[in-house]
Structures are given as structure tokens and as C-alpha cells.
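Today I am opening a new notebook page for a structure.

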Amino acid sequence: MAGIKALISLSFGGAIGLMFLMLGCALPVYDKYWPLFLLFFYILSPIPYCISRRVVDDTDSASNACKELAIFLTTGIVISAFGLPIVFARAEVIAWGACALVLTGNVVIFGTILGFFIVFGSNDDFSWQQW
């Protein structure tokens with residue numbers, strides 16, 4: 001039952017993060033939809049780590065180059081997702097208030113993605129592979 005509660009809380013966190021992203025786009029004060037490009041970063045961020053988990057054997061306790069590369073690529077994607085709204089705000093494409101809402105949404109969404117891998121990343125009897 002603890003897995004269901006975690007899944008519900010993670011989905012709630014994702015909904016809250018997307019709400020902040022939509023508020024940064026759709027409020028009549030801001031009315032620019034350029035920050036929706038961050039959805040690509042949200043989709044791309046877990047892909048390198050998921051691929052490395054499928055390729056790498058977890059029995060080796062030493063550092064693995066494939067897993068390190070996946071973490072490096074994920075870090076680059078996450079930093080780009082935080083940098084894009086700031087670049088948009090500096091170029092006056094979006095307002096700074098929209099940038100703040102989008103960055104708040106970024107924190108919540110990436111925290112939700114991290115929470116997903118913490119909750120469902122272990123190899124016990126309840127994992128994300130069941131879904």
C-alpha cells in the first residue's frame with residue numbers, strides 16, 4: 001500500500017509542477033507560450049538514466065562509465081531546463097514573473113522525477129517495471 005501512496009503523491013507533484021508551468025504561460029499578464037518548450041526537457045531528462053539501467057549490470061560495485069555518462073547527460077538536460085527560462089527572460093521574450101513561475105514548476109517537476117527514481121528505483125518486489 002505504501003507504493004500506491006507514493007504513486008499518488010508523485011502524480012500530485014507532477015500536476016502541481018505543470019500547473020506552475022501553465023500559469024507562467026497562460027496568465028493574461030504574461031500570455032506567452034514559449035516556456036512550453038520545457039516539456040521536451042521533462043520528457044528527455046529520465047531517458048539516459050533509464051537506458052543505462054537497462055544496459056548496465058548492477059552487481060558491479062565499482063563506478064561504471066555508462067551510468068556516469070547517463071548522470072552527466074541528465075544533469076546537462078536539467079541545467080538546460082533551468083537556463084532556458086532565464087535566457088527567455090533576459091531576452092525579454094517572457095516576463096520575469098513568468099520566469100519565476102516556470103522555475104518553480106521546474107523545481108517541482110524535477111523533484112517529482114527524482115522522487116520517482118528513489119521510490120521505484122530499488123530492486124525490491126515493488127518496482128516501476130510492474131507498471
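Predicted model: local features only at pLDDT ≥ 70, side-chain atom pairs only at ≥ 80, totals over all residues.

**Entry 1: The overall layout**

I read the elements of the protein chain from the N terminus on, and they run α-α-α-α-α. That gives 5 helices and 0 strands, taken as DSSP runs (helices H or I, at least four residues; strands E, at least two) numbered from the N terminus.

Residues are numbered from 1 along each chain as its sequence is written, and side-chain values use heavy atoms, with hydrogens and water left out.

**Entry 2: Inside and outside**

I looked up burial next: of the 131 residues of the protein chain, 32% count as buried. Buried means under 20% relative accessible area, exposed over 50%, and partly exposed in between (1.4 Å probe, protein chains only).

**Entry 3: Aromatic rings**

A pair of aromatic rings is described by the distance of the centres and the angle of the planes. Rings of Phe, Tyr and Trp (its six-membered ring) pair if their centres lie within 6.5 Å; planes under 30 degrees apart are stacked, over 60 edge-to-face, and the rest tilted. I get 7 aromatic pairs by this rule.

One of them is Tyr-49 with Phe-117, an edge-to-face pair at 5.4 Å centre to centre and 85 degrees between the planes. Tyr-49 sits in helix α3 (residues 47–55) and Phe-117 in helix α5 (residues 96–120), so this pair ties together parts that are 68 residues apart in sequence. Are the two partners buried or exposed? Tyr-49 is partly exposed at 24% relative accessible area, while Phe-117 is buried at 17%.

I also noted one aromatic cluster, formed by Trp-34, Phe-37, Phe-40 and Phe-88.

**Entry 4: What the record says**

The UniProt annotation "transmembrane region", from an unreviewed entry, covers residues 7–30, 36–56, 68–88 and 94–120. Such annotations may be inferred rather than shown by experiment; their positions are given in the numbering used here, and feature names are shortened.

I checked two of these spans in the model. Residues 7–30 are 83% helix and 0% strand, with end C-alpha atoms 33 Å apart. Residues 94–120 are 93% helix and 0% strand, and their end C-alpha atoms lie 36 Å apart.

**Entry 5: One last residue**

I finished with Val-55, which is in helix α3. Val-55 counts as exposed, at 61% relative accessibility.
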